Amino acid sequence: MIPLSAYVALSAVLFATGLLGVLIRRNFIIVLMAVEIMLNAANINLVAFSYHLDSIAGQIVALFIIAIAAGEAAIGLAIIIVVFRGKISTNVDEMNLLKW
Amino acid sequence: MALVFFSYFALVSIVAGVLTVSMKHPVHCALALLALLLHVSGLFIMLNAEFLWAVQVIVYVGAILVLYLFVLMLLNLKTDERYFHAKTPYLLAPAVIGTVYLLVLMVRSPLSGVKGDVPATAILQQGDTYAVGIKMFSEYLLPFEIIGVFLTGAIVGAIVLAKTPKTLEGKRET
């Protein structure tokens, strides 16, 4: 029997990795991948709590998170394609179209 | 036995996560993300969530990751010389300290709560898909419908964004 705190610790490490990736990478596509890592860490947490607290609600919320991640990937990649078409760059430092 | 599997899945997913963040070529990052997603799905099996395992493999690995790889290969990116942000060294130390603090808090906290109404024995008896389906289409029906509307909106938005604007093409010809 794996204790709940082991799952929570794993998801904390994965979440920190994803957060670090969002902060330090310069390629926008990899920033989006780091966001996926963070969503997966949240999913691990939800499913582990749902197992240890005898409730199915965590798994249902995890399913909703997967659906949100699919929508986020579609919109994010469409935005990347639009920006890339105009500027030939996916560097987050050079994206300042909306800057006033 | 469970401990062996858990440590394998946990270690490989952490290593794959670090590789996703740190590798230079974007396609290699996507492949490391693939390893991460598959090992997280293995953790779902260990937690009696086989329906979520199937959704993870089909939707995440089969759809989202393929979309990422498709866009990566469509854009044909060149990797920069300096692929980390310029302020990386200033961010690393706070991140490590924050993670260690978070870990200490997590491992020391009791993490208990109110028990729900679906114990592991019931899930093993009925199957996870049945249990999730009953709950999803009774108690969580409204969020399910909202997710459907959200996905429709996301698809329409992606198409609108990625379409070539006609006015620009007219200008290009003149």
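Me: At what angle do H3(A) and helix H7 (residues 141-162) of chain B pack, and how far apart are their axes?

Reply: The angle is about 10 degrees, and the axes of H3(A) and H7(B) are 9 Å apart. This is a predicted model.

Me: Why are H3(A) and H7(B) called roughly parallel?

Reply: Set the angle against the cut-off. Angles under 35 degrees count as roughly parallel. H3(A) and H7(B) pack at about 10 degrees. They are therefore roughly parallel to each other.

Me: Which residues meet there?

Reply: From H3(A) come residues including A:Phe64, A:Gly71, A:Ile75 and A:Val82. Among their partners in H7(B) are B:Pro143, B:Phe150, B:Gly157 and B:Leu161. By class, the contact of H3(A) with H7(B) has 17 nonpolar, two polar and no charged residues.

Me: What makes H3(A) roughly parallel to H3(B)?

Reply: Again, the angle decides. The axes of H3(A) and helix H3 (residues 50-75) of chain B cross at roughly 5 degrees and come within 11 Å. The limit for roughly parallel is under 35 degrees. So H3(A) is roughly parallel to H3(B).

Me: Which residues make that contact?

Reply: On H3(A) they include A:Gln59, A:Leu63, A:Ala73 and A:Phe84. On H3(B) they include B:Leu52, B:Gln56, B:Tyr68 and B:Leu75. By class, the contact of H3(A) with H3(B) divides into 20 nonpolar, two polar and no charged residues.

Me: How many residues does each chain bring to the whole contact?

Reply: Chain A brings 58 residues and chain B brings 70 residues. On the side of chain A that touches chain B, helix H1 (4-24), helix H2 (28-52) and helix H3 (57-87) each supply at least two residues. The largest share of that side comes from H3(A), with 21 residues. By class, the side of chain A has 44 nonpolar, ten polar and four charged residues.

Me: How do you know that H2(A) is largely enclosed by the rest of the structure?

Reply: Count its buried residues. A residue is buried if 20 or more other C-beta atoms lie within 10 Å of its own. In H2(A), 22 of the 25 residues are buried, so this helix is largely enclosed by the rest of the structure.

Me: What span should H2(A) have, and what is the distance between its end C-alpha atoms?

Reply: At 1.5 Å a residue, the 25 residues of H2(A) should span 36 Å. The end C-alpha atoms are 37 Å apart, which agrees.

Me: Which residues touch the most other members of the largest nonpolar core?

Reply: They are A:Ile29, A:Met33, A:Val47, B:Leu52 and B:Tyr68, in a core of 71 residues. H2(A) gives the most to this core, with 16 residues. Leaving aside neighbours within four places in sequence, B:Tyr68 is in contact with A:Ile29, A:Met33, A:Ala73 and B:Ala30.

Me: Is A:Asp54 buried, partly exposed or exposed, and how do you know?

Reply: A:Asp54 has 16 C-beta neighbours inside 10 Å, so A:Asp54 counts as partly exposed. Buried needs 20 or more, and exposed needs 12 or fewer. A:Asp54 sits in the loop between H2 and H3 of chain A. Its phi is near 55 degrees, a positive value in a residue other than glycine.

Me: Where is B:Asn48, and why does B:Asn48 count as buried?

Reply: B:Asn48 is in the loop between helix H2 (26-46) and H3 of chain B. The cut-off for buried is 20 or more. B:Asn48 has 20 C-beta neighbours inside 10 Å, so B:Asn48 counts as buried. Phi of B:Asn48 is near 60 degrees, a positive value in a residue other than glycine.

Conventions
Residues numbered from 1 in each chain as written. Chains lettered and ligands numbered in written order. Predicted model: local features only at pLDDT ≥ 70, side-chain atom pairs only at ≥ 80, totals over all residues. Contact = placed C-beta atoms within 7 Å. Helix = DSSP H or I, 4+ residues; strand = E, 2+ residues; numbered from the N terminus. Nonpolar A, V, L, I, M, F, W, Y, C, P; charged D, E, K, R; others polar. Axes fitted to C-alpha atoms, helices over the stretch in contact; angles between N-to-C directions. Parallel < 35°, antiparallel > 145°, perpendicular 65-115°, else oblique. Core = buried A, V, L, I, M, F, W, Y, C linked by C-beta atoms within 7 Å. Expected span 1.5 Å × (residues − 1).
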